[in-house]
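The following paragraphs lead the reader through one protein model, beginning with a single contact and ending with the overall fold. Please keep the sequence and the structure in view while reading.

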Amino acid sequence: LVSGATLWPSLDLNLSASERDYGTAISSSELSLSLKYEFDLWGKLSASERQANLNYAALLAKYEQQKRALVSDVILNWYLVVEQNQQLTLSQERLNSITQNLAIIESGYDSGLNTSLDVYLSRNEVASERSNVASQKTALQAAIRKLELLLGQYPKAALQTNVQEIPELTSNIAVGLPADTVANNPELQYMWNSLLAKDAGLAYAHKQRFPSFSLTASAGGSSEELADLLSSDLGWSLVGNITAPIFNAGRLAANEEKARLETKQSEQAYLETLFNTFSSIENGLTESSNLKLSYDANIDASNNAQLAQDVSFEQYLKGLVSYTTVLDAQNRAFSAQSTVIKLKYEMLNTRLQLFTALGGDFSSILPKDVK
């Protein structure tokens, strides 16, 4: 509205009253009405209005970009809390398991079936896992506090989530055409509208160097008595004006060159953002596919490692293998289960980054618990 007002005529109304004393008090009242209109022959005022509208559109796209970035951060940190909670649960389950194993080994040592080395190794494993549980609790509380800050809450690590599992986003995502990405990605829309605004600013700076044509119509009158002012005869005038820059022509030329360089810079920034977006989409598609393969492989590895852990402890009780074999099998099983949890979170992270670059609707890929 502000920028568009320059295309309309301006109307000024002025009423003044004065009193002068030169030995005898003389009162005077004046009323004037002035109407001025500038002809937009060169499109200068239209370029200024277009620049303002494009800057407004760019700000709207920037707002949408920041809003989506906030939504993405909340989702990722929400599931980070879930991931850290699952890692803590896994550590606690492992601690309970090796604590039971320690009791069995100590009982066997008291009966003369096991060596003291097995007891010490088992105790060391229990102590290490207790430390791991404590570290995991710290990481979980830090993740909850970060999520609370994003949600605008006090970071006291008291937030409870009703989501217990990370969704397996293994389905293919519809990429669409590059033109769809350009139209839907708020960051690209922000850069594009900023570029167009710079181009409109260049046009305005160029047309500032041309003469301006305006028409001014005025009417007014004066009277010694304010009450007689409206009843008195009003004079009027109509004046055409032509103004052209002379002494400041160099400054206007410099402003135009500055606007041209800013437009070129904005063009390069847009192209860089465009190619980086396409690059991130291609990398995201590749990473998403490879993470799916890695996830499936680690599922098999986790199942096999769990079976190996059970068999190794049974064989140890029968005296067929050493306790170091049991420890190795336990570590492999724990590492495989932990990796599966991490991979599910990484798959979600990659999917959200890819989805953000494509500029889609988050609700189409989120589970119902967080919509």
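K62 lies over the face of Y190, at 4.8 Å from the ring centre. A charge is said to sit over a ring if NZ of Lys or CZ of Arg is within 6 Å of the ring centre and within 35 degrees of the ring normal.

The model is a predicted one, in which local features need pLDDT of at least 70 and side-chain atom pairs count only at pLDDT 80 or more, while totals for chains, interfaces and linings use all residues. Residues are numbered from 1 along each chain as its sequence is written, and side-chain values use heavy atoms, with hydrogens and water left out.

Rings also meet other rings. A pair of aromatic rings is described by the distance of the centres and the angle of the planes. Rings of Phe, Tyr and Trp (its six-membered ring) pair if their centres lie within 6.5 Å; planes under 30 degrees apart count as stacked, over 60 as edge-to-face and the rest as tilted. How many aromatic pairs does a search of the whole structure find? The search finds 3. In one of them, W192 and Y270 are tilted, with 5.3 Å from centre to centre and 50 degrees between the planes. Because W192 lies in helix α4 (residues 186-207) and Y270 in helix α5 (residues 249-317), this pair ties together parts that are 78 residues apart in sequence. W192 is partly exposed at 36% relative accessibility, whereas Y270, at 10%, is buried. Here buried means under 20% relative accessible area, exposed over 50%, and partly exposed in between (1.4 Å probe, protein chains only).

The rings of F313 and Y316 have centres 6.2 Å apart and planes at 35 degrees, so this pair is tilted. The two residues are 3 apart in helix α5, and are therefore separated by about one helical turn. F313 is buried at 12% relative accessibility, and Y316 is buried at 6%. Ring pairs link F313, Y316 and Y323 into a cluster.

Finally, the overall fold. The protein has 6 helices and 4 strands, where helices (H or I, at least four residues) and strands (E, at least two) are DSSP runs numbered from the N terminus. In order from the N terminus, the elements run β-β-α-α-α-α-β-β-α-α. Of the 371 residues, 34% count as buried.
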